[in-house]
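User: I have a model open and would like to talk through its side-chain contacts. Could you go through them with me?

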Amino acid sequence: MLNPSPLAPSTPLSPLSPSASSNAFTAPADHAVAAETARPWLTLLPQSILEHVLGFLSLHDRVTVERKACRALSRSLQARAAVDGALMQVTDIWSAASLHGQLDALPQSNLPAFGRAQVMAGMLARLPELPHGERWRAIEAVLDRLDTVSGAAGPVLDALAACIADPVASGELDEPQWLRLAQAVAMAPLIVGARARVAALRGAVGPRPTPSARRLATTLLPGAAHALAVARALPASEQRQGFEQLLCALMAGSRDHGAYAADWSALLAAATGESGRDAAFAARLFCALLTLLPGGRTASEYHGQAPSPSETFQRWSAVLNAAAALPGDTGFAVARASVRTATATLLSDPDRADAAIASLLAHLQASRMETAQQLHVRAELIPYLPHAQQAPAWHALWDEVERRSLPSLAILLVHVQRWHPCDPVRAWRRAQTYCLTATAPTPEQRAALMCQAGLFCVPGTADAEAMFEGISELAVRHHQLLPLVQWVAADDDQPADRILSVIWKLPPPVQARAFSQWLGLRGWVDELLPVPLPLARQLQAMGCWEALSEMAAAWTRRCSRLLETGPTLLPSAPYAAVPELAKDMLDVLEASAPDARPPELLAELAQLTSGLWLQQAGVAPLVDRVWDLIDRLDAQAVRTAMEALHRLKQAPRRLPGDDELPLGECWARPTLLRAAELVRTRFTAPERRRWLVRLVEAEGRVGDFRQDVEGNRFDAVRQALWRIATTLPGDAIDPLHDRIATWFSPAARDPSALGAWQQAAAQFDAYRR
């Protein structure tokens with residue numbers, strides 16, 4: 001019998017499960033040895049990996065782990081808790097003086113180096129909250145202490161890079177200040193500073209660079225050799241995009257096009273030399289070099305000259321020749337990148353398309369790629385062949401699909417046929433037959449094929465009936481649902497009853513998943529909005545909370561969309577029934593466990609009920625019921641719900657030139673009132689300060705809805721917002737002064753709340769004095 005993995009739990013119970021932890025510190029003494037011997041798997045990780053893992057956890061999650069895990073983690077968790085506490089204090093920084101004070105206290109905090117670095121990065125993140133004139137002093141203070149975290153300076157360097165990339169947030173830095181920041185990033189060891197260099201260059205260097213941007217590029221990246229070293233220091237998943245950004249920096253820093261071409265050639269030679277040592281790294285370099293060819297559009301734009309197709313073709317061919325020796329997967333990646341590059345330049349040029357295709361085909365024949373990979377690249381070339389050759393090439397490759405059993409190639413070919421049709425009748429008939437008869441595709445691959453092939457079935461034909469039967473079987477046997485719920489979109493004359501008849505054969509949680517996918521598609525019929533409600537009640541009775549919350553979220557989004565866009569035809573029964581349907585869904589969710597009501601779902605419900613209130617009277621109780629559920633959330637979930645609602649309200653919905661506020665961007669008065677009360681009672685002072693700005697701005701977002709609600713009154717909403725303002729320092733009102741001042745003008749004197757208005761007006765006058 002094989003020994004279990006050293007990373008697997010040594011007992012059936014996970015160390016993080018409640019049953020394993022409830023007696024973790026009260027076990028009898030004779031269990032002490034066993035408890036020490038059978039340590040949880042987390043403690044078997046090397047310390048460096050453990051610290052890395054803990055870094056991904058939120059404060060809430062780390063507290064949970066601290067409660068449930070064993071004592072072996074206590075040291076790391078205590079260190080993290082100390083860092084969390086220091087980061088919370090950083091949110092009280094509103095001036096350079098307060099930043100200096102916390103920075104001076106940092107050496108006495110006994111925080112580990114990584115913790116001090118995170119705190120210093122948090123201080124730099126506070127720069128947008130500081131007065132403009134104090135921001136550079138704050139940056140200088142952090143720069144002067146950079147050597148105290150030299151071994152763990154990554155977070156601070158990332159924050160400095162953000163200052164370079166966004167000088168507006170940093171206080172409109174001048175060129176000497178900008179260059180000092182760049183020098184601080186450039187002097188850091190690459191092992192901790194490579195990401196920061198790339199991030200700084202990404203934000204600050206672009207086409208047609210200014211002289212200061214060129215100096216910045218040369219400071220951070222003096223030459224081609226440095227670009228190679230920085231790319232090597234990046235994580236493998238970031239090397240390709242990072243190297244592309246480094247090439248942009250070389251373009252910006254080079255004095256002319258010829259200098260960049262020389263740097264590019266040197267890097268191509270270096271990548272060729274890497275092919276034998278590290279083929280994967282070399283492939284990433286080749287792919288990046290293909291995207292920024294000398295003579296191409298991007299490189300020419302950097303130097304203000306016209307593109308040179310002949311030079312582009314020469315450089316492109318040089319990369320293909322250099323990459324010929326790469327093994328299978330790495331050579332495949334370069335070949336696909338070469339097709340994408342040629343698509344944007346050479347293949348659209350009639351004078352060079354034939355030569356480019358011939359070079360690619362020759363490269364494929366000489367490469368070490370597997371046959372299936374070569375066929376994949378050939379399929380991508382079909383749209384760029386002469387029109388008379390496209391259909392024969394497509395059918396020849398489909399013959400290979402059937403002969404070699406290559407479903408992944410079949411998926412690519414149907415995609416090519418959909419967007420670049422060359423033989424729409426015979427090709428789709430072959431694809432549909434393959435969907436129904438081939439045995440090689442997995443259920444997931446068959447679903448991907450049917451999603452495409454099902455769109456081109458002629459309604460009412462035997463082929464369409466056979467395809468629908470195959471789609472139904474795929475849904476029932478393998479729970480692959482997208483082809484089924486897309487069928488209505490593919491055939492508008494097909495009644496939804498056929499899809500529902502298949503859905504009802506599925507287990508309830510899978511039915512919920514089908515509705516979740518269907519509700520987001522164009523083919524959904526709004527007359528079916530009441531249909532998922534009995535299923536929701538069934539899921540609630542079964543305790544299937546995840547399926548219930550997923551379906552409820554999709555259903556709520558669809559209702560909100562119906563309110564925002566309006567019904568297609570009037571009168572519309574679903575449109576008129578949304579308030580009653582929302583009440584039924586709330587009944588189900590209120591009777592469910594908290595796991596069925598994640599904060600993101602409650603934010604969607606708050607958005608829906610806000611839209612309902614703006615369109616009709618009598619739905620304020622629905623608004624309150626949703627916010628009662630939000631009030632029950634724990635601290636972190638409340639913040640998640642509020643941020644999600646704010647994002648929903650900020651999502652752009654207007655067309656260019658349209659000044660009318662759409663429904664989704666407006667705030668119902670009861671929604672705003674409950675949000676303001678929650679911010680006042682459950683948020684910290686820095687959070688209240690940030691949210692006050694958001695809510696005061698939202699207070700003016702009523703649009704042309706609810707004409708029956710009198711505006712410009714010191715109603716409960718404005719009173720709640722003013723109560724938030726009175727809990728904050730006077731400077732918190734500065735950005736809002738002009739907007740709040742209108743509340744206390746003589747024209748806004750509110751007889752219905754005269755006492756509250758007079759008291760608040762007096763407080764506002766005292767603030768102004």
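User: To start, how many disulfides does a search of the whole structure find?
Analyst: This is a predicted model, and a search of the whole structure finds 0 disulfides. Cys435, for instance, is in no disulfide, and the nearest cysteine sulfur, which belongs to Cys457, is 8.6 Å away, whereas a disulfide would need the two sulfur atoms within 2.5 Å.

User: Is Cys435 buried or exposed?
Analyst: Cys435 is buried, with a relative accessible area of 2%, and Cys287, also at 2% relative accessibility, counts as buried too.

User: OK, salt bridges now. What does the count come to?
Analyst: The count comes to 33 salt bridges. One of them joins Glu400 to Arg403, with the closest N and O atoms 2.9 Å apart.

User: Where do Glu400 and Arg403 sit relative to each other?
Analyst: Both belong to helix 23 (residues 387-404), and because they are 3 residues apart there, about one helical turn separates them. An α-helix has 3.6 residues a turn, so residues three or four places apart point the same way. As for accessibility, Glu400 counts as buried at 18%, while Arg403 counts as exposed at 57%.

User: And which parts of the chain does the Arg558 and Asp526 pair link?
Analyst: Arg558 forms a salt bridge with Asp526, the closest N and O atoms being 3.5 Å apart. This pair links distant parts of the chain, since Arg558 is in helix 32 (residues 545-565) and Asp526 is in the loop between helix 30 (508-519) and helix 31 (532-542), 32 residues apart. Arg558 counts as buried, at 10% relative accessibility.

User: Which residues are linked with Lys583 in a network of salt bridges?
Analyst: Lys583 is linked with Asp587, Glu590 and Arg625 in that network. Within it, Lys583 and Asp587 form a salt bridge whose closest N and O atoms are 3.6 Å apart, and both residues lie in helix 33 (residues 573-590), 4 residues apart, or about one turn of the helix. Lys583 counts as partly exposed at 32% relative accessibility, and Asp587 is partly exposed at 31%.

User: Switching to aromatics, how many pairs does a search of the whole structure find?
Analyst: The search finds 15 aromatic pairs. Among them, Trp428 and Phe456 are stacked, at 4.2 Å centre to centre and with 10° between the planes. Trp428 lies in helix 25 (residues 424-437) and Phe456 in the loop between helix 26 (443-453) and helix 27, so the pair ties together parts that are 28 residues apart in sequence. Trp428 counts as buried at 4% relative accessibility, whereas Phe456 counts as partly exposed at 36%.

User: Why is the Trp504 and Phe515 pair tilted?
Analyst: The ring centres of Trp504 and Phe515 are 5.7 Å apart and their planes are at 50°, so the pair is tilted, because planes under 30 degrees apart would count as stacked and those over 60 as edge-to-face. At 41% relative accessibility Trp504 counts as partly exposed, while Phe515, at 0%, counts as buried.

User: Which residues form one aromatic cluster?
Analyst: Phe714, Trp722, Trp743, Phe744 and Phe764 form one aromatic cluster.

User: Last one, which ring does the charged end of Arg639 sit over?
Analyst: The charged end of Arg639 sits over the ring of Phe683, 4.6 Å from its centre. Arg689, for its part, lies over the face of Trp94, at 3.6 Å from the ring centre.

Conventions:
Residues are numbered from 1 along each chain as its sequence is written. This is a predicted model: local features need pLDDT of at least 70, side-chain atom pairs count only at pLDDT 80 or more; totals for chains, interfaces and linings use all residues. Side-chain values use heavy atoms; hydrogens and water are left out. A salt bridge is a side-chain nitrogen of Lys or Arg within 4 Å of a carboxyl oxygen of Asp or Glu. Helices (H or I, at least four residues) and strands (E, at least two) are DSSP runs, numbered from the N terminus. Buried means under 20% relative accessible area, exposed over 50%, partly exposed in between (1.4 Å probe, protein chains only). Rings of Phe, Tyr and Trp (its six-membered ring) pair if their centres lie within 6.5 Å; planes under 30 degrees apart count as stacked, over 60 as edge-to-face and the rest as tilted. A charge sits over a ring if NZ of Lys or CZ of Arg is within 6 Å of the ring centre and within 35 degrees of the ring normal.
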